[in-house]
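Subject: Handover of a structure

Hello,

I am passing this structure on to you. Please open it first, then read the notes below.

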Number of protein chains: 2
Amino acid sequence: MKEEEPIDMETRIIEAAKIVFVRKGYEATKMGDIAAEVGISRTALHYYFRTKELLFEAIFGQLMGRLLPNIAILMEEASTILEKIPGIIEQYLSAIKQNPLFPIFIINEMNRNPEHLFQTIMKNSNRIQPLLQLKKQVYDEMENGLLKKRPLIDVASTLLSLVIFPFLIHLPLTAIFLDGDRKAFEKYIDNRASLIIEVMHHLLTPDKNRKQL
Amino acid sequence: MKEEEPIDMETRIIEAAKIVFVRKGYEATKMGDIAAEVGISRTALHYYFRTKELLFEAIFGQLMGRLLPNIAILMEEASTILEKIPGIIEQYLSAIKQNPLFPIFIINEMNRNPEHLFQTIMKNSNRIQPLLQLKKQVYDEMENGLLKKRPLIDVASTLLSLVIFPFLIHLPLTAIFLDGDRKAFEKYIDNRASLIIEVMHHLLTPDKNRKQL
DNA sequence: CTTATATTTGACACATATGTCAAACATAAG
DNA sequence: CTTATGTTTGACATATGTGTCAAATATAAG
């Protein structure tokens with residue numbers, strides 16, 4: 001065993017495979033690409049992961065897990081949805097900022113193999129439980145009148161759209177509005193949380209409370 | 001020549017290729033898949049389009065063009081931005097509703113070959129001219145005080161996010177919030193315009209006017 | 001019918017990618 | 001040193017995909 005080195009081979013492979021799979025997609029990724037990224041021969045790669053599909057599955061779960069924000073802590077607090085929203089947005093934004101290629105990767109896998117995606121989510125069901133709690137709290141507060149009544153799909157899709165989509169089109173956005181300046185894009189993302197909070201408050205604040213603002 | 005038939009072979013091929021390319025992406029699409037979709041042999045397909053790349057380029061421009069909403073007519077009207085917004089959203093939504101797989105296709109091509117995408121856009125520069133007009137009018141109205149001053153990238157990215165992203169995640173949205181009912185998703189999309197208008201108005205209405213609402 | 005042209009096909013050559021295998025090599029334990 | 005085990009490699013077999021070509025077939029024009 002070669003566990004003396006900083007990281008063992010399987011981990012190195014998985015890290016390299018993540019990079020290649022996420023950047024090029026499943027079909028376009030060749031086993032040779034991954035082997036080259038690791039710095040070993042393609043045959044050695046097959047020794048650790050017999051098939052491409054097995055290697056892919058080994059990392060897919062991890063990737064999914066990392067994209068899901070860690071809102072479990074937030075759900076433990078006895079705060080209202082409107083108070084939780086900034087935290088939720090922050091969780092999402094920072095998760096994607098660390099892995100800006102994940103959204104497109106997940107969305108592609110959704111088209112390539114919806115079955116697989118579904119199964120992976122079911123396996124990590126512990127991670128989606130807080131999301132179900134969140135869903136329920138939103139529903140309850142709408143019944144209470146704490147939140148304006150809206151279809152949950154509107155609330156969820158709006159929030160996700162505003163948080164995720166800019167990363168998917170960061171290239172044209174940067175080119176058209178920021179003179180191709182990457183740093184400027186990061187600033188734009190950092191300022192984005194407040195805009196999203198503003199929109200979500202607008203959507204969820206009951207009309208009677210609106211005038212108080 | 002076989003021009004007696006309803007549509008000639010090149011058109012049939014292009015239509016079939018669109019379907020396959022858009023659904024599976026460039027790498028995953030095999031010439032044989034397209035040939036099968038048309039109902040001819042792979043060799044016959046090569047007779048009309050010598051290479052896969054040529055076939056792809058033949059349809060890519062068309063696809064881009066169809067995704068860009070036809071806002072030229074809207075720009076001819078002497079209306080304000082706030083008056084134009086519903087029309088713009090309607091244009092986008094109907095364009096994507098007719099081709100719900102286009103957004104993911106374009107975004108993928110953006111990663112696969114940014115150069116190619118850029119060149120294609122430059123060729124159809126006549127189609128982006130109205131967008132530049134739109135950009136200018138937004139800027140002018142912000143200067144006039146007709147619109148609340150905001151970074152243009154915020155306005156554009158918010159609008160595009162709200163319009164496009166729900167189509168990218170239509171599968172999980174439908175599964176989680178609509179019991180997998182496709183018809184319900186269509187209804188959700190149809191109701192979406194008003195929500196987006198509401199949000200854009202909130203973002204763009206100057207504070208002094210807000211209270212009047 | 002004959003000729004010219006367009007279209008289709010099967011066979012081929014080539015390239016790339018996957019996965020297996022046995023042999024070589026390294027390493028740690030006895 | 002010897003053995004057992006883990007690791008790496010090169011060679012191989014197989015599969016799939018691309019593109020070319022010449023021969024076969026259909027179609028239209030003379």
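First, the ground rules. This is a predicted model, in which local features need pLDDT of at least 70, side-chain atom pairs count only at pLDDT 80 or more, and totals for chains, interfaces and linings use all residues. Residues are numbered from 1 along each chain as its sequence is written, while chains are lettered from A and ligands numbered from 1 in the order in which they are written.

**The two copies**

Two copies of a chain are related by a rotation about an axis and a shift along it. The same surface serves both copies, as 100% of the contact residues of chain A recur in chain B.

**Chain A on its own**

Chain A has 13 helices and zero strands. Helices (H or I, at least four residues) and strands (E, at least two) are DSSP runs, numbered from the N terminus. The C-alpha trace of chain A spans about 65 × 45 × 35 Å along its principal axes.

Chain A is divided into domain 1 (9-60) and domain 2 (68-210). These bounds come from an automatic or database domain assignment. The centres of the two domains, taken over C-alpha atoms, are 30 Å apart. Five residues of domain 1 are in contact with six residues of domain 2. Contact means that the C-beta atoms of two residues, placed from the backbone, lie within 7 Å. On the domain 1 side, three of the touching residues are nonpolar, one is polar and one is charged. Nonpolar covers Ala, Val, Leu, Ile, Met, Phe, Trp, Tyr, Cys and Pro; charged covers Asp, Glu, Lys and Arg; the others, Gly among them, are polar.

**Where the chains meet**

How many residues of chain A are in contact with chain B? The count is 31 residues of chain A, against 31 residues of chain B. On the chain A side, two or more residues come from each of helix H7 (102-112), helix H10 (152-168), helix H11 (170-177) and helix H12 (182-204). H10(A) gives the most, with 13 residues. By class, this side has 22 nonpolar, seven polar and two charged residues.

**Around the DNA**

A residue is near a strand if its C-beta atom, placed from the backbone, lies within 6 Å of it. DNA strand C is surrounded by 17 residues, the closest being A:Met31, A:Thr51, B:Ser41, B:Thr43 and B:Tyr47. H3(B) provides the largest share of that surface, three residues. The surface near DNA strand C holds six nonpolar, six polar and five charged residues.

DNA strand D is surrounded by 18 residues, and the closest are A:Ser41, A:Thr43, A:Tyr47, B:Met31 and B:Thr51. Here the largest share, three residues, comes from H3(A). The surface near DNA strand D divides into seven nonpolar, six polar and five charged residues.

**Inside**

Buried residues make up 23% of the 213 residues in chain A. Buried means 20 or more other C-beta atoms within 10 Å of the residue's own, exposed means 12 or fewer, and partly exposed is in between; C-beta atoms are placed from the backbone. A nonpolar core is a set of buried Ala, Val, Leu, Ile, Met, Phe, Trp, Tyr and Cys residues joined through C-beta atoms within 7 Å. The largest has 63 residues, of which A:Val163 and B:Val163 touch the most other members. Another core, of nine residues, lies apart from it and includes A:Ile13, A:Ala17, A:Leu45 and A:Leu55.

**One backbone detail**

Have a look at Asp179 in each chain. Phi of A:Asp179 is near 55 degrees, a positive value in a residue other than glycine. A:Asp179 lies in the loop between H11 and H12 of chain A. A:Asp179 counts as exposed because it has 8 C-beta neighbours inside 10 Å. B:Asp179 also has a positive phi, of about 55 degrees.

Best wishes
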